Amino acid sequence: MGSDGWTTMRTAWQAALYGPGGFYRIEQPADHFRTSTHVSPHFAGAVLSIAREHDVATIVDVGAGAGELLTAIRGHDSEIDLVAVEVRPAPSALPRGIEWRMTEGDGVETVAALSAGPILLVANELLDNIPCDVVELTDDGLRVVEVHLPTGRERLGGPPDPAAVAWIERWWPVDAPRQRAVVGLARDAAWAQLCASVSDGVCIAIDYGHLLRDRPPTESPTSYRHGRQTSARFDGRHDVTAPVAFDSVASVVGGRVARQRDVLTQRLARPDRPAVDLATADPIDYLRRLSSAGDWRELTASDGLGGFWWIETPCGLRDVAATMGAESEVAR
């Protein structure tokens, strides 16, 4: 940051989430937003089914929050090894048998140290929190958006570097002044590094985002606190997030790309709404089944969590053409 308080949005974003006193070091994410992990154990069941399909020995959750996903998986399977990777210490309520590894960075070194056996690496809503530069098109070309940390005001700085320009031209073309794009290079690199750190196994990333043909004409990061969405706040008290350009991520790493609604319906049996007469015969079971059916609808809703993207990458897979083919089949 310059002495005048101005810095790139990416630098401000990094400090707000992961710097000393940053959001992910001091806040409980579940207090501010709800992910698929918080909705239902159905989500953990789908992750576990992938682990069993690939016969992995260990599930590693990078960006584990308070360990909710691994706690739910333990409820399904008491034997598989579970490892959480986070930038904060383990919560006091973490169940026994879940290993917690604290990291100062993106977790690549931690995962690499665990890769002696087959691993399923999971990054659930991690990529949207990887800080990125934001650029805006002006009459004079692309400019990097800067933010004034004491006040939150924005201004346009200099032009982006050539790599960012090339990425924008390929993955997020803007053609009218004042349109903005979130440059996904840092996300592409972070996911590629995480996948490369697993010598044997499979990696899955799950997040919200879009493909080139559905890319919005303009976008900037937003923030959440206590369930309320606002413009981006870089004060360490708010989450800072932006949708992921999933086709760009997939083109670098490779793998199968699908919507969450399709992954869950292919891997799990859909819970039926219980018959009304069960409410009299066994009200507790009726409520349990009714809740399960409601959770399923939330997890698979096309305009909500069901529209999230999954990338599944067996280690060493670099078949970009196959990846893009899979993408075109599910991008409906």
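**View 1. Salt bridge between Glu312 and Arg256.** In this predicted model, the side chains of Glu312 and Arg256 form a salt bridge with an N to O distance of 2.9 Å; a salt bridge here is a side-chain nitrogen of Lys or Arg within 4 Å of a carboxyl oxygen of Asp or Glu. Glu312 belongs to strand E17 (residues 309-314) and Arg256 to strand E16 (residues 256-259), so the pair links distant parts of the chain, 56 residues apart; strands (E, at least two residues) are DSSP runs numbered from the N terminus. Glu312 is buried at 9% relative accessibility, while Arg256, at 47%, is partly exposed. Buried means under 20% relative accessible area, exposed over 50% and partly exposed in between (1.4 Å probe, protein chains only).

**View 2. Network of salt bridges around Arg256 and Glu312.** The structure holds 11 salt bridges.

**View 3. Salt bridge between Arg180 and Glu136.** The closest N and O atoms of Arg180 and Glu136 are 2.7 Å apart. Because Arg180 lies in strand E9 (residues 180-182) and Glu136 in strand E6 (residues 134-138), the pair ties together parts 44 residues apart in sequence. Arg180 and Glu136 are both buried.

**View 4. Salt bridge between Glu146 and Arg155.** The N to O distance in this pair is 2.7 Å. Glu146 is buried, with a relative accessible area of 16%, whereas Arg155 is partly exposed at 36%.

**Notes.** Residues are numbered from 1 along each chain as its sequence is written, and side-chain values use heavy atoms, without hydrogens and water. Local features need pLDDT of at least 70, side-chain atom pairs count only at pLDDT 80 or more, and totals for chains, interfaces and linings use all residues.

How values were computed
Helix = DSSP H or I, 4+ residues; strand = E, 2+ residues; numbered from the N terminus.
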